[in-house]
Every structure is written in C-alpha cells, then in structure tokens.
Amino acid sequence: MVTFTIALVTLIVGYFVYGSLMERIFSPDLKRETPAVKLQDGVDFIPMPTWRIFMIQFLNIAGLGPIFGAIMGAKFGSASYLWIVLGSIFAGATHDYFSGMLSMRHDGESLPELIGRYLGDRTKQVMRFFTVILMVLVGAVFVSGPAALLAGLTPEKFDALFWIIVIFIYYMLATMLPVDKIIGKIYPLFAVALIFMAVGILVMLYVNFPDIPELTDGLQNTHPNADKLPIFPVMFVSIACGAISGFHATQSPLMARCLTNEKYGRPVFYGSMITEGIVALIWAAAANYFFHENGMDESNAGVIVNAITRDWLGSVGAVLAILGVVFAPITSGDTALRSARLIVADFLHIEQKSISKRLLISVPLFLATLAVLIYSLMDKEGFDMIWRYFAWCNQTLSVFTLWTITVYLFLHKKFYWVTYIPALFMTMVCVSYFCLAPECLSLSAPVAYSVGAVMVLISIGVFEAWKRRQ
C-alpha cells in the first residue's frame, strides 16, 4: 500500500503543480469571449455552471476505461501504477487540457477541424473519417456491458436485450436534445455515483490494507500470458482512459462550447483527467488485491467489479457501485454519438439548431452503431475484437492530437516539449502495438519495436524539417 499511497498523493500534487505549469504555458485570456457566450444557440452552445461542466466532462471521458482498463492492466503488476500516474499527469491531462482550450480558442471546433487547422487538410480529411468511426465504435461497445449488468440487477424478464433497446433509445434522445435537457441535468448525479463507488473502494483499501505489489518488488510482468503480452506496448493500450485517451479530445469540444471563461479550463479539462486517473489507480489496486486472493485466471472485468464491491461495500453499496459502472459507459456512449453528430455537422457545414438537420445526420449514425452492435452480439468473439480495435484507434487518435498541440505551441512560441515528448512516446506505443497485436500484424516483438523506433525517428525528422521551414 506504500506504492499506492505515494501514487495517489502524486496525482493530487500533479494537478496543482504540473497543471498550473500547463495553464501558464497556454496563458488563458480571462477577458476573451467564449463560444458559449458568443455563439449561444440553445442546443450545443449553452453557458452552464463550471461545477456542472466538470461533472459532465468527467463522466463523458470516464466510460469503462478507468475501471475495466485498470483492472486488466493490473495483471501486469506494479508497472500499472507508474503508467497511470505518469501518463495522467504528463500525457493524459496535458492532452485533455490543451485540446479543450484549443477548441475554445477556435469557437468550439471539433477535433478533426482542429487537427486539420494545424496538420493540414489531408490529415483533416482522414481524421474526420477516423474519428467518426471511433465514435460509432464507442457507442456500440458501451451498450452490451451495461446491459448485461442491468439484466443481473433486475427481474429475469428484463433481460440483456431489453436493456440494450432501452439504452439505445436513450442514446437517440441524448444525441438529439439540447445539451442542457438531459446531459446537463442527470450527468452530475451519475458522476456522484461513480465517485461514490471509487471513494468507497478507496476507504476499504485502507481498512483492509491488502498485500498488493510494490515498486520495491520490481517491474516484472506478472501477467499469466506474459510471453505473448509484454508490458510494452500492451499495458499502455490496455490502460487507456486511465492514463491518456484520444477519445477525451473528442469530448472536450462539447464542454468548450459551454464554459463561460477560459480560467475554468484547468479544473474542467486537466482536473477531470486527474480525477479519472485517481479512479483508475483505485481500481488497479483493488484488482491487484483480487488477483492476489483469487489468482490471475479471471479475465471478465465485470465479475471482478461485482466481487470486490459485494465483498467490501455490502449489498447496498454493491448495487450503487455497479450502477456507477453502468452509468459511466452509457454516458460516454451517448456523448460519443453526440460528438459524431457535431463532427459531421462541422465538416458538412450543416446548422444544428433545427431538429430536422440534427435528424439528417443522426439517423445514419444510429444505423451504423446498430450494425456494429448486432455484429458484436452475433459473433462469439465480436465484442472482444471490436473492443481491441477501439482501444488501438483510441490511442492512435491521441497521437494526432498531441502532434496538433505540439505544432500549435511551436507556432505560438510556447514551450512545445510538454507535448512533443508524449507525442513521440505514444507514436512508439501505437505503431509497436499495431505490429505486435494478434488482431493486427502479429509480428515478433523485436520487429515490432524496430518498426516503432523507425517511425519515431521519421516523426522527429519530419517535425524538425517543418520547424526549419517555419
């Protein structure tokens, strides 16, 4: 528990110290009129209280990532703590803060438009397609998990199929209605449930004081399939949302359109990622306790969540905790589709104030999401395959976002190394994973690492050549 405690304190200190540094580098303009004020439309651009925006942003970016991802990442041992802490402070929160602030500076632009603004039109066209595909995958993968959990908490007649239909209907309403009608009202309540769950597990960690891995034990890979799943790069993709996630940058513009002053950017964007890192750290520690007591054989994260909450929080606490796990992915899935609607609207220049124009974009997105969901249900390995592709796409998107921020910082004569180094690191992670993963190229580890290193060197060369032309 010593390593866990140090990691927890480091995350909190990181928000105040490194978060303040990121804020100084960006230099918020407290007198600048924000998109929420300048472009208020009653649908997507709506001023809201900062505390409410923080809760919505936190729930938007959380999903199952900081829980399920952290649980699966915990199988790799104490190295998972390092990645959650260092990734959250120096990569994830920095990535989220700058992407959110850049969107505010450019009238709430969606992520592909921001990427195109700084990386060029060709990259923008690719990212438009890539990001919408990712949003559809998020909408699909964040349905079946919550549906299965709800089916286990309700009478037998309310089976998983029933809850899938209910969740999908909710998706359509949340995507179409003004942001303050559903999202602005119920998200803060769901966020409280998720935070309650994490705080309850945190308290019980110190009450039980379990024997879990420490950094003094070394960073050896404790995964049962360590020979096939090396810490690098697999763990860095498994613990995605708990350290850095490109999906977050697609959600930040939603809240960038609601903030009333740039000074609130650090608590909303940087703070929500640090909060997510804390949730991931708590679940990684709890999972390590579970694995220590029960072995590494269990691979269903939902089973582990259910076992830990029932053991530590009792029946009532377990129900509340499970509901937190249910709400988190549902509220990421609906805002993913809302983001997809806004992304398509941005590049097709279709206004979204009228319901007919929203329907014009939303109906095809709903049909595409439904098609992916049906595939995941019909094929025995469909869900796992979609999840793995989602995880890789998610981290790849973070690479493009980090390079976008790096170019912005250089052009504005700011200290660009704060995102340049994470961009190079995540480039290595994503390329190596694509070469190594069985669902991708399935190459040997030496070859995968070599290709990743070459891509990093090429990225450095291209960036340095671009700098000289500037």
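**Helix 14**

I began with the buried residues of helix 14: Arg358, Ile361, Ser362, Leu365, Phe366, Thr369, Leu373 and Ser376. Buried here means under 20% relative accessible area, exposed means over 50%, and partly exposed is in between (1.4 Å probe, protein chains only). I noted that this is a predicted model, where local features need pLDDT of at least 70, side-chain atom pairs count only at pLDDT 80 or more, and totals for chains, interfaces and linings use all residues. Residues are numbered from 1 along each chain as its sequence is written, and side-chain values use heavy atoms, with hydrogens and water left out.

I also wrote down what a helix is: a DSSP run of H or I with at least four residues, numbered from the N terminus (strands are runs of E, at least two). A reminder for the pattern: an α-helix has 3.6 residues a turn, so residues three or four places apart point the same way.

Next I checked the length of helix 14, residues 355–378. Its 24 residues should span 34 Å at 1.5 Å a residue, and the end C-alpha atoms are 33 Å apart, so the two agree. The expected span is 1.5 Å times one less than the number of residues.

Where is the kink in helix 14? I found it at serine 362, shortly before proline 364, with a bend of about 30°. The bend is the angle between axes fitted to the seven residues ending at a residue and the seven starting there.

**Cavities**

A cavity is a set of points on a 1 Å grid over the protein atoms alone where a 1.4 Å probe fits but cannot get out, and lining residues have an atom within 4 Å of a point. Points are joined across faces, edges and corners, and the volume is the space filled by probe spheres set on them.

The largest cavity holds about 40 Å³. Its lining is Ser110, Thr250, Pro253, Leu254, Arg257, Ser339 and Leu342. Helix 11 (246–256) and helix 13 (301–348) each give two or more of these residues, and helix 11 gives the most, with three.

The second largest cavity has about 30 Å³. I listed Ser99, Leu102, Leu111, Leu114, Thr401, Thr404 and Ile405 around it. Which helix gives the most to this lining? Helix 15 does, with three residues.

**Single residues**

Is arginine 266 buried or exposed? I found it in helix 12 (residues 265–294), and at 14% relative accessibility it counts as buried. Its side chain makes a polar contact with the side chain of glutamate 23 at 3.2 Å. Such a contact is a pair of N or O atoms within 3.5 Å; within protein, one must be able to donate a hydrogen and the other to accept it, and residues adjacent in sequence count only if both atoms are side-chain atoms.

Leucine 189 sits in helix 9 (residues 183–208) and is exposed, at 61%.

Most residues other than glycine have a negative phi, and most peptide bonds are trans. I still found a cis bond between phenylalanine 232 and proline 233, with omega about 10°.

Lysine 413 has a positive phi of about 55°. It lies in the loop between helix 15 and helix 16 (417–436) and is exposed, at 76%. For serine 442, phi is near 55°; this residue lies in the loop between helix 16 and helix 17 (445–469) and is partly exposed, at 47%.

Terms used. 1 Å grid on protein atoms, 1.4 Å probe; cavity = no way out; pocket = protein on both sides within 12 Å on 5 of 7 lines; lining within 4 Å.
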